[in-house]
Amino acid sequence: MENKNNSCSDCAIINCQKQDKTYPQFCPTQKLTKEDIAKIEQLYMEDNNREVSRVSAEIEAQFYCKYTRVEETIEFAKRLNMKKIGIATCVGLLEESRTFAEILKKHDFEVYSAACKIGAMKKTEITGLDKEKTLTTGNIMCNPILQAQTLNKENTDLNVVIGLCVGHDSLFYKYSQALCTTLITKDRVLAHNPAGALYQTGTYYKKLLQ
Ligand code: SF4
């Protein structure tokens with residue numbers, strides 16, 4: 001019997017990719033109406049969505065398993081004729097951001113970066129956090145809204161996220177005017193490799209499934 005909560009992560013068929021099997025009953029692809037598809041097609045015609053989508057697919061095909069994400073990001077910005085790259089960085093990853101900025105400059109991009117503690121505003125004042133909860137990490141708040149506004153003012157063409165915290169990244173994406181991509185996803189325990197926990201659920205990270 002169909003479980004109404006089933007979705008793509010419950011699918012072992014993946015007929016959407018190769019079209020050589022039958023869609024499962026719960027598949028959202030087979031539930032699409034012609035009108036639904038027309039609306040999505042229309043969205044790809046807006047702004048530069050079609051071009052972004054095409055360029056992404058071209059890079060994926062041309063450099064499949066050849067380019068690192070750093071190289072793919074550069075290629076993406078070049079092919080979309082982007083000139084100015086914003087970096088929204090965690091202060092804990094400023095060294096990595098400096099290296100990335102240096103690489104971007106070698107490729108003739110203009111770079112402007114905004115670190116997470118920009119504005120030096122206080123967690124206790126802005127978020128209402130109890131002072132005792134600031135003892136480990138300090139009272140200066142991560143300020144993704146100001147990071148986004150700063151890069152917006154600089155009219156960046158693409159914003160690259162480097163190691164923003166879970167949730168802070170969400171607010172950055174929400175307020176960024178430019179397209180965003182993520183170069184580094186912070187994971188303080190797994191050296192910024194959050195997938196590591198998923199790969200280890202059979203052994204060391206069994207607890208995640210318990
Ligand atoms: S879209 Fe359909 S076929 Fe594709 S992964 Fe989701 S459920 Fe499976």
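I began with the spacing of the domains: the C-alpha centres of domain 1 and domain 2 lie 28 Å apart. I note here that the model is predicted. Next I looked up the bounds. The domain assignment puts domain 1 at 23–66 and domain 2 at 83–209.

**Overall layout**

I then took the extent of the chain. Its C-alpha atoms fill a box of roughly 55 × 45 × 35 Å along the principal axes. I looked up the secondary structure and found nine helices and four strands. I followed the elements along the sequence and wrote down the pattern α-α-α-α-β-α-β-α-α-β-α-β-α.

**The sheet**

In which order do the four strands lie in the sheet? I read β2-β1-β3-β4. The sheet is open, and the pairing is parallel. I checked the edges next. β2 (110–115) and β4 (179–184) stand there, and each has a single partner strand, so one side of each has no neighbour in the sheet. From one strand to the next, the twist averages 25°.

Strand β3 covers residues 158–162 and pairs with β4 in the parallel sense. I noted five bridges for this pair. In one of them, L158 has L179 of β4 as its bridge partner.

I turned to the helices.

Helix α3 spans residues 49–62, and helix α4 spans residues 69–79. Their axes come within 10 Å and cross at roughly 140°. That angle makes α3 oblique to α4. The crossing of α3 past α4 is right-handed.

Which residues meet here? From α3 I listed V55, S56 and I59. From α4 I listed E72, E75, F76 and R79. I sorted the residues of this contact by class and got three nonpolar, one polar and three charged.

**Helices α7 and α8**

I looked up a second pair. Helix α7 runs over residues 144–153, and helix α8 over residues 168–175. How do their axes cross? They come within 8 Å, at an angle of roughly 30°. α7 passes α8 in a right-handed crossing.

I listed the contact residues again. On the α7 side they are P144, I145, Q147, A148 and Q149. On the α8 side they are H168, L171, F172 and Y175.

Methods:
Residues are numbered from 1 along each chain as its sequence is written. This is a predicted model: local features need pLDDT of at least 70, side-chain atom pairs count only at pLDDT 80 or more; totals for chains, interfaces and linings use all residues. Domain bounds come from an automatic or database domain assignment. Two strands pair if DSSP finds at least two bridges between them. Helices (H or I, at least four residues) and strands (E, at least two) are DSSP runs, numbered from the N terminus. Axes are lines fitted to C-alpha atoms, for helices over the stretch in contact, and angles run from 0 to 180 degrees between N-to-C directions. Angles under 35 degrees count as roughly parallel, over 145 as roughly antiparallel, 65 to 115 as roughly perpendicular and the rest as oblique. A crossing is left-handed if the near helix is turned anticlockwise from the far one by less than a right angle, and right-handed if clockwise. Two residues are in contact if their C-beta atoms, placed from the backbone, lie within 7 Å. Ala, Val, Leu, Ile, Met, Phe, Trp, Tyr, Cys and Pro count as nonpolar, Asp, Glu, Lys and Arg as charged, and the others, Gly among them, as polar.
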